[in-house]
Number of protein chains: 2
Amino acid sequence: MSETRSEISQLGEFGLIDHISRGFSLKNTSSIKGIGDDAAVLSAGQDDYLLLSTDMLVEGIHFDLAYMPLIHLGYKAVAVNVSDIAAMNGKAEQITVSLALTNRFSVEAVDALYKGIHAACENYGVDLIGGDTTASPSGLVISISVTGRVKKDRVVYRSGAKPNDIICVTGDLGGAFIGLQVLEREKQVFLADPNMQPALDSFEYIVGRQLKPEARTDVVSDLAEAGVLPTSMIDVSDGLASELFHIGKNSGVGVRIFEDKIPIDQVTFNTAVEFNLDPITCALNGGEDYELLFTISQADQEKIKNHPDIHMIGYVHDKANQHLMISKQGTIVPLQAQGWNHFAS
Amino acid sequence: MSETRSEISQLGEFGLIDHISRGFSLKNTSSIKGIGDDAAVLSAGQDDYLLLSTDMLVEGIHFDLAYMPLIHLGYKAVAVNVSDIAAMNGKAEQITVSLALTNRFSVEAVDALYKGIHAACENYGVDLIGGDTTASPSGLVISISVTGRVKKDRVVYRSGAKPNDIICVTGDLGGAFIGLQVLEREKQVFLADPNMQPALDSFEYIVGRQLKPEARTDVVSDLAEAGVLPTSMIDVSDGLASELFHIGKNSGVGVRIFEDKIPIDQVTFNTAVEFNLDPITCALNGGEDYELLFTISQADQEKIKNHPDIHMIGYVHDKANQHLMISKQGTIVPLQAQGWNHFAS
């Protein structure tokens, strides 16, 4: 190792990815799109593209087995990968699952994990086609790769947003983050007094958002049926603000969203207030909602305006890097993309 | 978790994979071949198959940074994945690299790792197209997925070996395992007296076999040029005996090999003896050689008999599960597939 030592935490995850990918270029004609979108794009015959994405989940970083049942973890690990394929407007078809396990995990524990993986495979129509299984000196690591397909003329990148496009987001935001706060609080209560039963009943919706998120494959189908091809798309894994920045940066445009249009569930809102957190900040920066954020041309607005789960929250403009939110009071607030920085200590 | 507790170590890695994959079946028409070969096979247009494989390397299990320089680790992590594609008679084209890193790794350390990854990408003509980067509470985990291509009529499985086929193996065997023993010994010497310099000069070849293995993509090309399509193929990652069992099991045949035909390098042989290890046992069960083991029909024997790096070590017969070695003394010894069991404590 060299004498200089630079900390990864100073770069952050996106900075590190930029740093790493700088020295690499694409040389095979089958590599259509590499690093920098929800999935890579490979050629796969005359009409189709093959999509490939991968996610690594590390115990103690992405999940805590104190409140994450292994069956939910298995399901979620698949769902978040399927979500990346959905974000390219594709259909997930295959996964590989690699596991590193300490000997504290029994065969029954592995079975519980795979029961969740199996349920997700059934639900999303995905085949388990391979993987790797190894020991681990500490903790559980799950690395899933997913492949999907999309017709060449239906692939949607982060880079296609045009000025005057309408910004849409599905479902509601911030719930997974607030659900995590509830789970963390109950864990502390339990650690202080193991006889306490967790009081999760009234938080069922948001706890479910954290423990068993779904990929919005339904929305991908609905858009196709409505005859709408988004101009850009991304899934909300790091938080709405962070994803808007990705679309803005990749498309060379700016975004303007309206605070009062951001969809927030009532339980999310009330629980955020209970935790002294600003519900809008949770929606903007909470992450792990796995909703789809996309832009459509104005011509397509009519086609989906009655969809019950698609919310139009703003529009695209031509000033690159000018990402703004109009508050409920009508003031203009610059958006800040916090996203996640697992490397910050 | 259920009340019964079964230990993973009792199943072993292959038993665990069998156990896991039991509940899964292939449903998408694009899934040609799933779990159970060196790579999964997906449809990819009229003439080609897409190959997909994945490997996870865990610090403290697969490598020890006390003697594995990060640049070599990066190279090796790519090479072992490319080797899986070569074992399907394919050409690797893309990889994704996922990393979990503790904060003891600096940006410079990550750069060293990616320098090795980059060198391997250049050497094998592979594009880095994606990945994931995350923090880790302890240790380094590298998960690489690789995609490759092969013409539909050129794909080679583990399952095609026929009675009377000739068994071939490339290069030489056991070196990577003996190289590891040397590195382990030097580590102990260093730990006992940090002023000692490692004495590795005379072990350069076998240490290199451990630290910087190469995928035998050259042999895949040579076979194609010679007009030879192997009837079955696998790469030697777990040891010759273990791989012979895989071919035998998947093809429903038995194998018979000759001890005196097993290629062992002179340094490997001498060093094994120095360590009081049987060189043949090292070649049979050492693993990590990343040579290719394949079978050819007798009609093809002439075409490659002068290849300097392909060794014909035996033949296939019709008695399934009867895997035998003819010793130098002419006695018949049943082969035992030890392979690796990372889960054994």
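Start by colouring chain A in two parts: domain 1 covers 8-154 and domain 2 covers 166-334. The model is a predicted one. Taken over C-alpha atoms, the centres of domain 1 of chain A and domain 2 of chain A lie 22 Å apart.

Next, select the residues in contact between the two domains. Domain 1 of chain A puts 26 residues into this contact, and domain 2 of chain A also puts in 26 residues. Between them, domain 1 of chain A and domain 2 of chain A bury about 2200 Å², with 55% of that area coming from carbon and sulfur atoms.

Turn to the charged pairs. Three salt bridges cross the interface of domain 1 of chain A and domain 2 of chain A. For a salt bridge to display, select Asp18(A) and Lys249(A): their side chains meet at 3.8 Å, N to O. Polar contacts between domain 1 of chain A and domain 2 of chain A amount to 10 residue pairs, both residues being at pLDDT 80 or more.

Then hide domain 2 and look at the face of domain 1 of chain A that touches it. The elements giving two or more residues to this side are α1 (8-21), α2 (70-86) and α3 (107-124) of chain A. Select α2(A), which provides the largest share, nine residues. Finally, colour this side of domain 1 of chain A by residue class: 12 residues are nonpolar, six polar and eight charged.

Definitions and conventions:
Residues numbered from 1 in each chain as written. Chains lettered and ligands numbered in written order. Predicted model: local features only at pLDDT ≥ 70, side-chain atom pairs only at ≥ 80, totals over all residues. Heavy atoms only, no water. Domains from an automatic or database assignment. Contact = heavy atoms within 4.5 Å. Buried area = accessible area lost by both parts, 1.4 Å probe. Salt bridge = Lys/Arg side-chain N within 4 Å of Asp/Glu carboxyl O. Polar contact = N/O pair within 3.5 Å; in protein donor to acceptor, adjacent residues only side chain to side chain. Helix = DSSP H or I, 4+ residues; strand = E, 2+ residues; numbered from the N terminus. Nonpolar A, V, L, I, M, F, W, Y, C, P; charged D, E, K, R; others polar.
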